[in-house]
Amino acid sequence: MELGLSQRELKDLTQKSVQLILSARPGEDTVLEQYKASAEFRAGVQLACAAIVLVLAENNHRLTEQLQAAGVIKAAE
């Protein structure tokens with residue numbers, strides 16, 4: 001089992017992460033809501049999420065081997 005995702009899945013994961021971070025929460029302060037709506041914050045969130053997904057994609061094989069060695073996932077047959 002590979003942890004790797006297709007390019008489309010990586011794009012979807014990035015977009016869902018961004019949406020989750022930027023979404024309003026019940027009882028959230030209006031100042032925070034305004035900050036989350038700012039272009040600078042939105043760009044930073046998108047960049048951070050893309051960077052995390054890129055790191056996962058680049059380290060897929062190593063992560064898979066480590067999880068297999070720890071018995072978390074089974075090796076592909």
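Analyst: Welcome! A helix here is a DSSP run of H or I with at least four residues, a strand is a run of E with at least two, and both are numbered from the N terminus. By that rule, K11 lies in helix α1. The model is predicted, so local features need a pLDDT of at least 70 and side-chain atom pairs count only at pLDDT 80 or more, while totals for chains, interfaces and linings use all residues. Residues are numbered from 1 along each chain as its sequence is written, and side-chain values use heavy atoms, with hydrogens and water left out.

User: How many helices and strands does the chain have?

Analyst: The chain has four helices and zero strands. Read along the sequence, this gives the pattern α-α-α-α.

User: Why is K11 called exposed?

Analyst: Buried means under 20% relative accessible area, exposed means over 50%, and partly exposed is in between (1.4 Å probe, protein chains only). K11 has a relative accessible area of 54%, so K11 is exposed.

User: What makes L47 exposed?

Analyst: The relative accessible area of L47 is 62%, so L47 counts as exposed. L47 sits in helix α3.

User: Is E28 buried or exposed, and how do you know?

Analyst: E28 has a relative accessible area of 16%, so it is buried. You will find E28 in the loop between α1 (7-22) and α2 (30-37). Contact means heavy atoms within 4.5 Å. Leaving aside neighbours within four places in sequence, E28 is in contact with S23, E33 and K36.

User: How much of the chain counts as buried?

Analyst: Of the chain's 77 residues, 18% count as buried.

User: What makes up the largest nonpolar core?

Analyst: A nonpolar core is a set of buried Ala, Val, Leu, Ile, Met, Phe, Trp, Tyr and Cys residues joined through side-chain atoms within 4.5 Å. The largest one has five residues: V18, L22, F41, V45 and C49. Helices α1 and α3 (39-58) each supply at least two residues of this core, and the largest share, three residues, comes from α3. In soluble globular proteins, nonpolar side chains tend to be buried together.

User: Why does F41 count as buried?

Analyst: F41 has 18% relative accessibility, so F41 counts as buried. Leaving aside neighbours within four places in sequence, F41 is in contact with I21, L22, Y35 and K36.

User: Why is the pair of Y35 and F41 called tilted?

Analyst: Rings of Phe, Tyr and Trp (its six-membered ring) pair if their centres lie within 6.5 Å; planes under 30 degrees apart count as stacked, over 60 as edge-to-face and the rest as tilted. The count comes to one aromatic pair. The ring centres of Y35 and F41 are 4.8 Å apart and their planes stand at 50°, so the pair is tilted. As for Y35, its relative accessible area is 47%, so it is partly exposed.

User: How do you know how α2 and α3 are placed to each other?

Analyst: Axes are lines fitted to C-alpha atoms, for helices over the stretch in contact, and angles run from 0 to 180 degrees between N-to-C directions. Helices α2 and α3 pack at about 65°, with their axes 5 Å apart. Angles under 35 degrees count as roughly parallel, over 145 as roughly antiparallel, 65 to 115 as roughly perpendicular and the rest as oblique. Therefore α2 and α3 are roughly perpendicular to each other. The contact is made by Y35, K36 and A37 of α2 and A39, F41 and R42 of α3.
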